[in-house]
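Thanks for coming. I have one chain to go through today, and I will keep to what can be computed from its atoms.

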Amino acid sequence: MTPLPASPGLAPDWEIALGAARAERFGGPGHDLVTVAGFMKAPDTAIAAAILQKFAKITPQYPGLRAALPELVCRAWIAALAPLLDAHFGKATRGWQMQAWFSLVTTPPAALLPIQRLPHVDGTDPAQVAMMLYLHRTGHGGTAFFRHLATGLEALTAETYPRYAAAVQAEYGRTGLPPAAYPTDGAPHFARTHAVPGEFNAAVFYRGNILHSGVIDNAAPLSADPREGRLTINAFFRPAAA
């Protein structure tokens, strides 16, 4: 069990355990991926907290609803997670900053915007690390990662993004928009390189500039109830600026 720093008002049930952290690499360039099984001491604490949140659509890119994770939790978790992030994604000399949300995928496949039907990145900065903590027991899965076939790109940077965007635009100019569905194997313009199953109370960490998508069963319901829907905690970590 990783002891959390004292935070007034933070219940001990929010404690996290990092002893089961497992590192691996995938894809052509060898992308770093860290999986932590049994992440929360009491994951039902997070689900109970999510039920009390006022979820809303925060960004047009995310196909669902979000609510901010309490600041007390963020402060405690980032202190506990800093050594793991330093070890696997490069030491942040001034520490790490964290943003996190409870998230529910709720948009039915037929209502997806064209951009939501493709693998995506969370940004082009390779220093940004993403975390997904899976808190659902639905038929939906975890997270899949992809390679764009025409360019060979698996991750995007500020330098490679224009080439990637131009290639995607040209492809769909020829073949039409992708079907109204969440990405599965990525065909015809992408190939899946790896997938994590999204086991309950497992957290995964990866660089946010890798092409990825949630593994969503296009035939299964998407509930807005945190007790029944595809509930996750999504977080982004960045090295603190000077």
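First, the ground rules. This is a predicted model, in which local features need pLDDT of at least 70 and side-chain atom pairs count only at pLDDT 80 or more, while totals for chains, interfaces and linings use all residues. Residues are numbered from 1 along each chain as its sequence is written, and side-chain values use heavy atoms, with hydrogens and water left out.

Now the overall picture. The chain has three helices and ten strands; helices (H or I, at least four residues) and strands (E, at least two) are DSSP runs, numbered from the N terminus. In sequence order the pattern reads β-β-α-β-α-β-β-β-α-β-β-β-β. The radius of gyration is 18 Å, close to the 18 Å from the globule rule for 242 residues, so the chain is as compact as a globular protein of that length. That radius is taken over C-alpha atoms, and the rule is 2.2 Å times the number of residues to the power 0.38. Along the principal axes, the C-alpha trace spans about 55 × 40 × 30 Å.

Buried means under 20% relative accessible area, exposed means over 50%, and partly exposed is in between, with a 1.4 Å probe and protein chains only. Of the contacts with a separation of 6 or more, 81% are between residues 24 or more positions apart. Contact here means heavy atoms within 4.5 Å.

Let me go to helix H1, residues 43-51. Which residues of H1 are buried? They are Pro 43, Thr 45, Ala 46, Ile 47, Ala 49 and Ala 50. These buried residues pack against strand S4 (96-105) and strand S10 (230-239).

Leu 135 also belongs to this part of the story. Leu 135 sits in the loop between strand S5 (129-134) and strand S6, and is buried, with a relative accessible area of 2%. Setting aside neighbours within four places in sequence, Leu 135 is in contact with Pro 43, Ala 46 and Ile 47, and also with Phe 200, Asn 201, Leu 231, Thr 232 and Ile 233. Pro 179, by contrast, is 44 residues from Leu 135 in sequence and 28 Å away in space, C-alpha to C-alpha.

From there to Thr 232, which lies in strand S10. Is Thr 232 buried or exposed? Thr 232 counts as buried because its relative accessibility is 1%. Not counting residues up to four places away, Thr 232 touches Trp 101, Phe 102, Ser 103, Met 132, Leu 133, Tyr 134, Leu 135 and His 136. His 136 is 96 residues from Thr 232 in sequence, yet the two are 7.0 Å apart in space, C-alpha to C-alpha. The side chains of Thr 232 and Asn 234 are joined by a polar contact of 2.6 Å. A polar contact is a pair of N or O atoms within 3.5 Å; within protein, one must be able to donate a hydrogen and the other to accept it, and residues adjacent in sequence count only if both atoms are side-chain atoms.

Asn 201, one of the contacts of Leu 135, is in the loop between strand S7 and strand S8 (203-207). Asn 201 has a positive phi of about 65 degrees although it is not a glycine. At 7% relative accessibility, Asn 201 counts as buried.

The last stop is the loop between helix H3 (161-175) and strand S7 (190-196), where His 189 is placed. Pro 188 is found in that loop as well, and a cis peptide bond joins Ala 187 and Pro 188, with omega about 5 degrees. His 189 counts as buried, at 9% relative accessibility. What does the side chain of His 189 make a polar contact with? The partner is the side chain of Thr 175, at 3.3 Å. Apart from neighbours within four places in sequence, the contacts of His 189 include Arg 147, His 148, Glu 171 and Tyr 172.

That is all from me.
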